[in-house]
Structures are given as C-alpha cells and as structure tokens.
Amino acid sequence: MTEYILVGAEDRVEARSNTIKLHGPDGFEGMRRAGRLAAEILDALVPHVVPGVTTQDIDDIVYRMTLDGGGTPATLGYRGYTKSCCTSINHVVCHGIPADKALKDGDIVNVDVTPILDGWHGDTSRMYLVGDVALKARKLVDVTYECLMLGLEQAKPGNRLGDISHAIQAHAEKHRYGVVRDFCGHGVGRLFHDSPEVVHAGRPGTGPELKPGMFFTVEPMINIGRAECKMLDDGWTAVTRDRSLSAQFEHSIGITETGHEVFTKSPKGLDKPPY
Ligand code: MF3
Ligand code: CO
Ligand code: CO
C-alpha cells in the first residue's frame with residue numbers, strides 16, 4: 001500500500017521515505033521558480049554547445065548562471081560529486097563528469113542541471129547536437145524526446161506510475177531501442193531525490209496512483225542498442241555496455257487536479273533540438 005502525506009510550507013524536510021508527499025500551492029510556486037531557472041540555464045547553453053568547447057566550459061557557465069539566478073547547484077558536493085551539472089556524451093548514459101575534454105563535430109551530449117532555489121530543486125536535462133550529427137543519432141534524440149512526452153501524457157490523477165513507464169517503453173521498443181533500467185526518475189521538491197522511484201519501463205495500471213500535489217521527474221535514458229549499462233572507474237560515469245549511443249531528456253513535473261504542470265519547460269521554446 002502506498003502512503004501519501006500532505007505537506008505545507010512550514011513542514012520541515014523529512015529524509016527520504018516510502019511515503020509520497022502531496023504538495024500545496026506554495027510547493028507549486030517554489031517548483032515553478034526553481035524549474036524556470038533550470039530551464040533558463042539550459043536555454044542559455046544553446047550557443048555554447050559547439051565543437052571545441054569543453055564540458056568544463058559548460059560547467060562553468062552552469063555554475064555562474066545558477067548563482068546569478070539566486071540558486072546553488074544541487075550536484076555540487078552531492079555524495080562527493082564536485083561539479084555543477086552532468087555532461088553525458090555519445091555512449092555515456094548519465095552522470096558524465098565535466099572535464100577539460102572538447103566536444104567534437106558529430107557528438108550528441110546531454111546536459112543535466114539542478115539548481116536549488118529557495119530550497120526547491122529544479123531538475124531537468126536536454127540533448128544538444130554538436131555540429132553535424134548523423135541521422136542515426138538525431139533519430140535517437142528525437143525518439144527519446146517523444147518517449148518523455150508520451151510518458152508525460154499519462155501524468156494525470158487516477159493514472160498510475162506504470163502508465164507513464166509503459167508509454168515510454170512501448171515507444172522506445174517500437175524503434176528497437178533499449179530502455180535503461182539501472183537509473184530512474186524520482187520524487188523531487190525540497191529533496192533532490194525523494195520517493196517515488198519513476199521507472200521508465202513497466203506495465204500499465206501498476207505502481208502508485210498519481211494524485212494532485214505529487215512532484216517527480218521523468219527522465220528516460222534510451223540506447224540505440226542494448227539496455228545494459230556499466231559504471232566507469234570514476235564511480236559516476238555510466239556508459240552503455242555495448243558502447244551504443246544513449247540519449248536522455250528530463251522534466252520536473254507536478255500532478256494537478258486535471259493533469260500535470262511541467263516546471264522545467266523552456267521559456268524560449270528550446271525544449272528539443274534542433275535549436
Ligand atoms: N540530475 C541527476 C538526476 O536527474 C542527478 C545527478 S547527481 C550527480 O537525478 F551527482 F551525478 F550529479
Ligand atoms: Co533527476
Ligand atoms: Co537531472
């Protein structure tokens with residue numbers, strides 16, 4: 001049985017538990033502001049993600065913009081992580097660490113940012129095309145974005161989390177792509193990673209029921225090849241076992257009375273490439 005708890009502005013932040021928080025208007029307002037800052041940062045990166053730029057250059061911009069926006073990067077110091085964003089290139093599935101490594105023509109790269117603003121976490125990521133990208137890679141990026149949006153279409157009261165998972169899996173597998181199982185979406189709010197786990201493959205009608213006030217991310221990772229991942233020796237970088245290309249998009253959303261609100265929508269309409 002899933003348990004739910006109504007939380008208000010005055011409630012202290014509880015450690016992660018199996019109880020799903022249901023937020024009120026103050027939570028929506030907080031997430032709207034944090035999500036907007038996160039989306040503005042990803043918008044601002046567009047002209048910078050070009051051949052020759054390093055992922056450290058990208059991290060520097062994310063750090064500066066987060067602070068200028070009145071926030072702090074949630075990843076900085078998180079479980080020993082020392083950067084302000086994740087930059088995952090080509091066969092890197094997620095949690096690529098920014099470094100002095102230049103992007104090259106034909107790369108695809110995910111940038112994942114999570115500014116904390118007034119205690120609320122805006123968690124979002126998008127794919128960027130570096131220079132001229134092959135059709136095969138562009139198709140993966142398009143289908144991965146479609147997976148996210150088809151999942152979000154199921155995000156409404158009365159549906160279950162499994163309805164989101166199933167919509168994502170069905171679309172990815174129609175294209176013979178692999179859906180990553182090793183990482184999932186998560187409850188979000190005043191905690192970075194909260195209950196529930198949002199898996200990206202599953203059966204319709206299963207899992208917790210969606211209720212107004214639930215905040216969580218949907219962040220499918222889709223591989224051209226097999227779903228299996230392996231972790232590099234740095235303890236963070238996850239790559240595809242078969243070295244096939246991987247793509248990911250992420251939004252933070254809140255369930256409303258009639259559907260959902262996307263907190264991390266691009267103010268400039270730059271939700272997916274080409275930008
Ligand atoms: N932003 C990632 C997510 O979507 C988490 C990154 S944690 C880090 O949940 F430490 F790797 F940065
Ligand atoms: Co996330
Ligand atoms: Co993220």
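**Ligand and metal sites**

Author: The space taken by ligand 1 is the largest pocket. On a 1 Å grid over the protein atoms alone, a pocket is an open set of points where a 1.4 Å probe fits, with protein on both sides within 12 Å along at least five of seven lines, and a molecule sits in it if more than half of its atoms lie within 2 Å of its grid points. The model is predicted: local features need pLDDT of at least 70 and side-chain atom pairs count only at pLDDT 80 or more, whereas totals for chains, interfaces and linings use all residues. Residues are numbered from 1 along each chain as written, chains are lettered from A and ligands numbered from 1 in the order written, and side-chain values use heavy atoms, without hydrogens and water.

Reader: Which residues come nearest to ligand 1?

Author: A residue counts as near if one of its heavy atoms lies within 4 Å. Of the 14 residues around ligand 1, the nearest are T75, H186, H193, E219 and E250.

Reader: Which residues coordinate the cobalt ion (ligand 2), and why is its arrangement irregular?

Author: Donors are N, O and S atoms within 2.8 Å of the metal (3.2 Å for Na, K and Ca). At 2.0 to 2.2 Å, the cobalt ion (ligand 2) is coordinated by D123 (OD), H186 (NE2), E219 (OE) and E250 (OE). Six donors count as octahedral if opposite donors are over 155 degrees apart and all others between 65 and 115. Because the six donor atoms around the cobalt ion (ligand 2) subtend angles of 52 to 159 degrees, the arrangement is irregular.

Reader: Which residue bridges the cobalt ion (ligand 3) and the cobalt ion (ligand 2)?

Author: The cobalt ion (ligand 3) is coordinated at 2.1 to 2.3 Å by D112 (OD), D112 (OD), D123 (OD) and E250 (OE). The two cobalt ions, ligand 3 and ligand 2, lie 3.3 Å apart, and the residue that bridges them is D123.

Definitions and conventions. On a 1 Å grid over the protein atoms alone, a cavity is a set of points where a 1.4 Å probe fits but cannot get out, and a pocket is an open set with protein on both sides within 12 Å along at least five of seven lines; lining residues have an atom within 4 Å of a point. Four donors count as tetrahedral if all angles lie between 85 and 135 degrees; four count as square planar and six as octahedral if opposite donors are over 155 degrees apart and all others between 65 and 115; anything else is irregular.
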